[in-house]
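Me: I've got this one open on my screen. Can we walk through the sheet, the core and the aromatic rings?

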Amino acid sequence: MRRLGSTRRTGRTRRRVTAAAACAAALAALTAVPAQAHEPERRVPHWELKDTGTPDVRFRGLAAVGRNTAWVAGTGGTVLRTTDGGASWRNVSPPGAAELQFRDVEAFDARRAVVLAIGEGEASRVYRTDDGGATWTESFRNTDSKAFYDCLAFFDSRHGLAMSDPVDGRFRILSTGDGGRTWKVLPNAGMPAAQEGEAGFAASGQCLVTSGPKDVWLATGGAARARVLHSADRGHTWTATDTALPAGDPARGVFALAFRDRAHGLAVGGDFRPDQSSPQAAARTSDGGRAWRPAVTSPPAYRSGVAWLPHSRTAALAVGPTGTDLTADGGRTWRTVDTGSYDTVDCTPHRGCWAVGEKGRVARLEH
């Protein structure tokens with residue numbers, strides 16, 4: 001993965017310096033502002049923690065609307081919203097949801113959002129708000145004891161999907177055409193058979209992701225092979241592709257996906273157990289997921305979330321309980337840039353990148 005003498009060593013040193021410089025440049029570009037006369041030397045971009053006042057909540061759902069507006073969702077039926085860059089947070093949790101585990105939230109703006117609660121049977125639910133969380137409507141409650149919903153994703157403000165672990169041998173897909181107000185189960189005839197033990201991971205809200213008006217990808221684990229499934233028709237027909245990410249155990253697989261267009265994507269994961277190593281915890285594709293190539297230099301441990309940096313064709317961030325990694329070459333190599341614990345990350349075109357995790361942790365990338 002990773003005796004000709006000093007020339008070879010010098011080459012390796014130059015490559016390391018070049019990679020480090022590229023990573024620094026990618027982060028700097030993200031938060032760059034126009035230079036002002038006599039301004040002090042700029043600091044290196046970094047995660048800045050925002051006080052949410054919820055130390056007992058673990059956030060795994062995150063929807064970044066912009067640098068000032070974001071929604072987060074987590075344990076205890078908790079949903080928070082900020083519109084001032086994280087300086088203050090409003091608790092907008094749906095009433096009566098304290099026993100639910102929110103693992104995904106998709107927001108269209110500061111007022112409209114959809115959240116997913118995960119679990120067996122009726123614990124899997126979907127709620128929608130149109131007034132910033134002042135009121136919520138329960139738009140779906142699972143009544144099939146065999147279903148367990150993990151993630152949801154939207155193509156636009158009306159069309160979206162939610163995915164469940166396999167039911168009767170195939171992943172189950174819910175579809176909405178009215179922004180999450182109503183849902184229907186799609187036929188499974190176009191879904192490949194699931195492997196024994198295969199499932200999705202409700203770790204970051206990124207086991208189901210979209211790009212453009214019709215393309216969607218689904219990440220799997222827990223089986224002999226860690227796979228990515230792709231649909232080009234909003235979830236009606238799917239193809240499955242193996243990846244090189246760790247597999248062969250219920251704790252291993254692909255945990256998160258990110259696509260910057262319908263061709264270029266990243267996959268991260270590994271083994272979520274802290275006492276287990278996760279070699280080859282990242283992969284990349286340039287053909288829409290028909291083939292996945294393992295990273296030459298992977299993150300050093302399990303990663304549960306990934307996001308492309310705005311206005312970049314090659315830079316992305318991956319996060320997990322042991323740190324944040326940056327790639328500046330489209331996922332070929334990764335370099336750790338922070339050691340804080342985060343479960344998921346999301347970036348917007350408005351130069352806003354957010355991350356969330358355990359103990360009420362929410363952070364925004366700052367310069």
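**Rings, core and sheet**

Reply: Phe154 and Trp183 are both buried, where buried means under 20% relative accessible area, exposed is over 50% and partly exposed lies in between (1.4 Å probe, protein chains only). This is a predicted model, where local features need pLDDT of at least 70, side-chain atom pairs count only at pLDDT 80 or more, and totals for chains, interfaces and linings use all residues. Residues are numbered from 1 along each chain as its sequence is written, and side-chain values use heavy atoms, with hydrogens and water left out.

Me: How are the rings of Phe154 and Trp183 placed, and what are the planes doing?

Reply: Their centres are 6.2 Å apart and the planes stand at 75°, so this is an edge-to-face pair. The rule pairs rings of Phe, Tyr and Trp (its six-membered ring) with centres within 6.5 Å; planes under 30 degrees apart are stacked, over 60 edge-to-face, the rest tilted. Phe154 is in strand S10 and Trp183 in the loop between S12 and strand S13 (184-185), 29 residues apart. Strands here are DSSP runs (E, at least two residues), numbered from the N terminus.

Me: And which parts does the pair of Phe259 and Trp292 tie together?

Reply: Phe259 lies in strand S18 and Trp292 in the loop between strand S20 (282-285) and strand S21 (293-294), so the pair ties together parts 33 residues apart in sequence. Both Phe259 and Trp292 are buried.

Me: OK, core next. How many residues are in the largest nonpolar core?

Reply: It has 28 residues, and those with the most contacts inside it include Met163, Ile173 and Trp238. A nonpolar core here is a set of buried Ala, Val, Leu, Ile, Met, Phe, Trp, Tyr and Cys residues joined through side-chain atoms within 4.5 Å. S15 gives the most to this core, with 4 residues.

Me: What is Ile173 in contact with, neighbours within four places aside?

Reply: Among them are Leu161, Lys184, Met191, Leu218 and Trp238, with contact meaning heavy atoms within 4.5 Å.

Me: Switching to the sheet. What's the strand order?

Reply: S14-S15-S16-S17, an open sheet of 4 strands with antiparallel pairing; two strands pair if DSSP finds at least two bridges between them. S14 (208-211) and S17 (239-242) are at the edges with a single partner strand each, so one side of each has no neighbour in the sheet.

Me: How many bridges join S15 to S16?

Reply: 4 bridges join them, and Trp217 has His230 in S16 as its bridge partner.
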